[in-house]
Amino acid sequence: MTKTAEELKDRYQQLKTKYDEYTAHPLNLNIKRGIPSKEQLDLSVPMLGLLSSPEDFLSQGTVDIRNYGELTGFYEARKLFSELLETEIDEVLIGGNSSLSLMYLVILSKLFTRKMGSSFKEPIKFLCPSPGYDRHFAMTENLGIEMIPIALTENGPDMDEVKKLVANDPTIKGIWCVPTYSNPTGITYSDEVVDQLASMETKDADFMILWDNAYLVHHLTNDKHAAKNLLTACKAAGNPDRAWMFCSTSKITFPGAGVAALGASKKNIALVAKELSYQTIGFDKINQMQHVKFLKDKKQVAQHMEKHAIILKPKFELINQKLTDYFAGKEGLTWTEPKGGYFVHLTTEKGCATEIVEALAKIGVAVTEAGATYPYGNNPMDNSIRLAPTPVSLVDLDAAMDAICLCIEYVSVQKRLS
Ligand code: PLP
């Protein structure tokens, strides 16, 4: 029920009193970045003791992986990641510990190397479904690529908009996608969206889909979602070179020492391998081998991810419970209930998100900057907040959620009064 002006003022005073108590006794909590908790990291410590005998360092019984070489990854590593990315073995390139650096490499290889000087005269643009991953946008901006925001729906990017833009503008060279349990809204692309991306007409013949499948096996419940395979869809549509698929074990084993992989057509793998050959004689294959021995295959990865889910699920349930309890019967907030991934996304009243995040910072609760999930940090609606609950304990998360609920209502009521 809508409150009268008088009721609203009373409520504001109550909220202000509570907020002032926090100001006097600030918290010290950080739910800013999607990083695994210590408990999750401990799950993969046994991996570190798996290489001891001389045979452990041999690929296919012959290749000594301690030495130089195997630029695209040795056989067993490519096999493991080809299972995860659902590609042929020679459609995979194994990188270092970061999929982001592979994305950077792919963009450089496709758009900049050998064209330096000439291509900088023309604008280069990327479509950026938003809200999206802040580091994609930071990378794009850093490379001088112009970003065009695209609305992200429950099923993926607004494809009417995407199709219209790419059909007419040859300077639009790519699109960012987080197809499974997207960061931050947790949505998974529908089959229809994947097929449209694979088959749409593009003015730029070399159009790239940067398919960042960072959360491809990161389920929280038994209702498991996964986007359809893009490379397969692109092949079926006659556009095999459009798909650039990425994943890593950052949130399977260790973000500080995981393994990343690229899945793409053989032609594209060769292109990137050539570019890579100027940078390295090979990545850390000892770490690749530890991962091969520890994760084994897709089934073993799934079993390992169940252990992560046991740790993570209560955190996501707690957020949902807290928000449900606090906002029952109140207006002004909707939130996601993700089935996987690392984030909960809050949609606040228009024009409130920045102030809510600032109000939280003043009382010692750090959440992601309000605009960070939009290109150039600019969300015209100023209504989006990302929560990254994975690193904190349930006790701390409980305390953080009390403060978050309070600040959301406090700022929203203040806005309504002004
Ligand atoms: N892609 C997405 C969508 C992410 O959310 C993250 C980390 O939060 C990354 C990539 C980072 O991946 P990596 O550690 O493999 O560089």
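## Ligand surroundings

By class, the shell around the ligand holds six nonpolar, six polar and one charged residues; Ala, Val, Leu, Ile, Met, Phe, Trp, Tyr, Cys and Pro count as nonpolar, Asp, Glu, Lys and Arg as charged, and the others, Gly among them, as polar. In total 13 residues surround the ligand, and the closest are S98, S99, A214, S248 and S250. A residue is near a molecule or strand if its C-beta atom, placed from the backbone, lies within 6 Å of it.

## Basis of the description

This is a predicted model: local features need pLDDT of at least 70, side-chain atom pairs count only at pLDDT 80 or more, and totals for chains, interfaces and linings use all residues. Residues are numbered from 1 along each chain as its sequence is written.

Helices (H or I, at least four residues) and strands (E, at least two) are DSSP runs, numbered from the N terminus. Two strands pair if DSSP finds at least two bridges between them.

## The eight-strand sheet

Eight strands make up an open sheet of mixed pairing, in the order β4-β11-β10-β9-β8-β5-β6-β7. The edges are β4 (92-94) and β7 (156-157); each has a single partner strand, so one side of each is left without a neighbour in the sheet. For β4, three bridges link it to strand β11 (residues 260-263) in the antiparallel sense, and L93 has L262 of β11 as its bridge partner.

Helix α4 packs on this sheet and touches β8 (172-177), β9 (208-212), β10 (243-248) and β11. Contact between two residues is defined by C-beta atoms, placed from the backbone, that lie within 7 Å. The direction of α4 makes about 160 degrees with that of β10. Axes are lines fitted to C-alpha atoms, for helices over the stretch in contact, and angles run from 0 to 180 degrees between N-to-C directions.

## Helix packing

Helix α4 (residues 99-112) packs against helix α9 (residues 266-277) at an angle of about 100 degrees, with the axes 10 Å apart. The two helices α4 and α9 are therefore roughly perpendicular, a label for angles of 65 to 115 degrees (under 35 is roughly parallel, over 145 roughly antiparallel, the rest oblique). L105, V106 and S109 of α4 meet L271, V272, E275 and L276 of α9. This contact has five nonpolar, one polar and one charged residues.

In helix α3 (residues 75-85), the buried residues are E76, A77, R78, L80, F81, L84 and L85. Buried means that 20 or more other C-beta atoms lie within 10 Å of the residue's own, exposed 12 or fewer, and partly exposed in between, with C-beta atoms placed from the backbone. Their cover includes β2 (58-59), β4, β10, β11, α10 (285-295) and α11 (298-327). After α3 comes E86, with a positive phi near 55 degrees.

## The three-strand sheet

Another open sheet has three strands with antiparallel pairing, in the order β12-β13-β15. β12 and β15 stand at its edges with a single partner strand each, so one side of each lacks a neighbour in the sheet. Direction ignored, neighbouring strands of this sheet are turned by 20 degrees against each other on average.

Strand β12 (residues 333-335) pairs with β13 over three bridges, and W335 stands opposite L346 in β13. Four bridges join β13 to strand β15 (residues 384-387), where L387 is the bridge partner of V344. Four of the five residues of β13 (residues 344-348) are buried, so this strand is largely enclosed by the rest of the structure.
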